[in-house]
Amino acid sequence: MKIRVVSSKEEIDTLKLNEEIVHLAFRPSNKDIFKLILKCPEVKAIHIPSSYKRTISSSAQMYLSMQNIALLEGDVWGHRKDINEYSEVSEHVFDRIKELKDEGLSDEDTIERLVRETRLSPDFVTFIISN
């Protein structure tokens with residue numbers, strides 16, 4: 001699973017139409033969020049740092065909810081934007097989800113375990129499990 005990392009408002013214009021998960025490494029305004037959605041009609045989730053998530057307006061959150069676009073909290077740890085514009089979720093994470101499910105763990109226990117084992121946020125792990 002690839003996450004497109006966007007470092008500035010200007011980079012929204014460089015997004016491809018088929019982007020599904022976008023990490024905003026800047027504090028987005030309502031205008032930035034709407035611009036992103038218009039640019040990427042297939043987007044399923046917007047991933048932003050927790051300090052920025054608290055500043056997203058309720059109207060933007062409601063709009064995302066109505067469009068079935070998840071607003072996920074978290075960071076892309078260790079990602080070097082100068083090397084690759086995408087951060088990838090390792091196939092190991094998906095294999096580990098399957099292993100834990102096969103062991104009979106509930107979704108909540110699986111999420112808790114993966115959050116401890118990886119540096120992914122609970123929001124993001126929940127999104128992966130549900131999609």
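This is a predicted model: local features need pLDDT of at least 70, side-chain atom pairs count only at pLDDT 80 or more; totals for chains, interfaces and linings use all residues.

Modeller: The account below starts with a strand and its charged residues and then turns to a helix and its surroundings.

Residues are numbered from 1 along each chain as its sequence is written, and side-chain values use heavy atoms, with hydrogens and water left out.

Helices (H or I, at least four residues) and strands (E, at least two) are DSSP runs, numbered from the N terminus. Strand β1 covers residues 2-6. Of its 5 residues, 4 are buried, so the strand is largely enclosed by the rest of the structure. Here buried stands for under 20% relative accessible area, exposed for over 50% and partly exposed for values in between, with a 1.4 Å probe and protein chains only. Two strands pair if DSSP finds at least two bridges between them. By that criterion β1 has an antiparallel partner in β5 (residues 86-88), with 3 bridges, and a parallel partner in β2, also with 3 bridges. Lysine 2 has glutamate 88 as its bridge partner in β5, while valine 6 has leucine 24 as its partner in β2.

A charge is said to sit over a ring if NZ of Lys or CZ of Arg is within 6 Å of the ring centre and within 35 degrees of the ring normal. The charged end of lysine 2 lies over the ring of tyrosine 86 at 5.2 Å from its centre, and arginine 4 lies over the face of tyrosine 86 at 5.8 Å from the ring centre.

Side chains of opposite charge can pair when their charged atoms come close. Counting a side-chain nitrogen of Lys or Arg within 4 Å of a carboxyl oxygen of Asp or Glu as a salt bridge, a search of the whole structure returns 12. In helix α5 (residues 107-117), arginine 116 and glutamate 112 are 4 residues apart, about one turn of the helix, and form a salt bridge with their closest N and O atoms 3.3 Å apart. Arginine 116 is exposed, at 57% relative accessible area, and glutamate 112 is partly exposed, at 48%. Elsewhere, shared partners join Arg4, Glu11, Glu19 and Glu85 into one network of salt bridges. Within it, arginine 4 and glutamate 11 meet at 3.8 Å, N to O, and both residues are buried. A further salt bridge is formed by glutamate 20 and lysine 44, at 3.7 Å, N to O. Glutamate 20 belongs to the loop between β1 and β2 (21-24) and lysine 44 to the loop between α1 (30-39) and β3 (45-48), so this pair ties together parts that are 24 residues apart in sequence. Glutamate 20 is partly exposed, with 35% relative accessibility, as is lysine 44, with 40%.

Which residues of α1 are buried? They are Asp32, Ile33, Leu36 and Ile37. Viewed down the axis of α1, these buried residues fall within an arc of 135 degrees, so they line one face of the helix; the arc is that of the directions from the helix axis to the C-beta atoms. This buried set packs against β2, β3 and α3, contact being defined by heavy atoms within 4.5 Å. Lys31 and Leu38 are exposed residues on the face of α1 turned away from the buried side.

Proline 28 occupies the loop between β2 and α1. At 8% relative accessibility, proline 28 is buried, and its contacts, leaving out residues up to four places away in sequence, are Ile33 and Ile56.

Histidine 47 is placed in strand β3. With 3% relative accessibility, histidine 47 is buried. Leaving out residues up to four places away in sequence, histidine 47 touches residues including Val22, His23 and Leu24; Ser121 and Phe124 are also among its contacts.
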